[in-house]
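I took each point in turn.

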Amino acid sequence: MKILIIEIFRVYKKAPIKITIIWFLDLVEALILISNPYIIGNCIDGLLKKDIFWFIALVVIDITFWLSRTANKFFDTRIYSKIVGHESYDYYIKMINENEDNSLIDARLDMVDDIPNFLEIDFFQILNVIGGIIVSLIFLYCNSTLLVFSFALLSIVLIPLATYRLQKEIVNNNKKYKNLEEERMKNISSRDKKIYGEYIKKALSIGILNSDLDTKIFFVTNFLQMILLFFSILSVTQINRFTSGLLFTTVTYIGMLNGYVSDINEYLISLQDLKETVYRLKGENNNELQR
């Protein structure tokens, strides 16, 4: 994983101030999204008591979110597209100087934007997942029952473990697909319908295999999460301080927690794929690619 961290930091240094500003806007939006269920829950209970404090707070944070997201959308594409452009050009020159095959160049150039895309989207989303899980657990611990909190904590550990083997199979299939893509132009240039037919057959079969594995991950994950949601609703309605706002907030945080835990599976796969991509772009040997 060290080579992945080095490569991410290398790309980050191309525009550190601008990327940090985008991350700050991401942080503002993430904090608002995480706090929204709590504020809305208090807003519901407050309005029932003719208290508008939490309603005003909701208006303020929603306006802040609106302005932050607008600025984010305006700047992020401009910043990262320049980075992708430079990365693609530099890598193209490198491959030409090394006299690499056109099929390999074509496939590798499609991978060049993976690191910038990770910095633009996935990096902060991973931090958001971690923060969202922590905040959801804190709320459940403070406002729900011990059983709900314990079951939520168990689901965070159990779901990734239960789907680990399936994740690993998807990562291995993705490696095979990248190998096929590096031969794609050769297959097209051969003008042999049998060769191209075999390429298509292999590519489609990998897609089907990954779809089946993703279905299994979804089945296992959502089964455990449904139990958590139903159990939480029944449990919260039995406590003495039960209110409509508390039920709304609890159900929303459980939904957020379930979404974040589902994202863990996705990001574990994405990080392994990204490491594989870096090995390929760095021209590591086949033994490295099998790690």
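**Contacts and rings**

I looked up Asn72 and found that it touches Ile22, Leu25, Asp26 and Glu29, leaving aside residues up to four places away in sequence; contact means heavy atoms within 4.5 Å. The model is predicted: local features need pLDDT of at least 70, side-chain atom pairs count only at pLDDT 80 or more, and totals for chains, interfaces and linings use all residues. Residues are numbered from 1 along each chain as its sequence is written, and side-chain values use heavy atoms, with hydrogens and water left out.

I placed Asn72 in helix H3 (residues 53–97); helices are DSSP runs (H or I, at least four residues), numbered from the N terminus. Asn72 counts as buried at 5% relative accessibility (buried is under 20% relative accessible area, exposed over 50%, partly exposed in between, with a 1.4 Å probe and protein chains only).

I then turned to the rings and noted eleven aromatic pairs. Rings of Phe, Tyr and Trp (its six-membered ring) pair if their centres lie within 6.5 Å; planes under 30 degrees apart count as stacked, over 60 as edge-to-face and the rest as tilted. Tyr38 and Trp54 are edge-to-face, because their ring centres are 5.8 Å apart and their planes stand at 90°. Tyr38 lies in helix H2 (residues 16–48) and Trp54 in helix H3, so this pair ties together parts 16 residues apart in sequence. I recorded Tyr38 as partly exposed, at 37%, and Trp54 likewise as partly exposed, at 25%.

Phe118 and Phe123 also pair edge-to-face, with 6.2 Å between centres and 65° between planes. Phe118 is buried at 6%, whereas Phe123 is partly exposed at 27%.

Conventions
Helix = DSSP H or I, 4+ residues; strand = E, 2+ residues; numbered from the N terminus.
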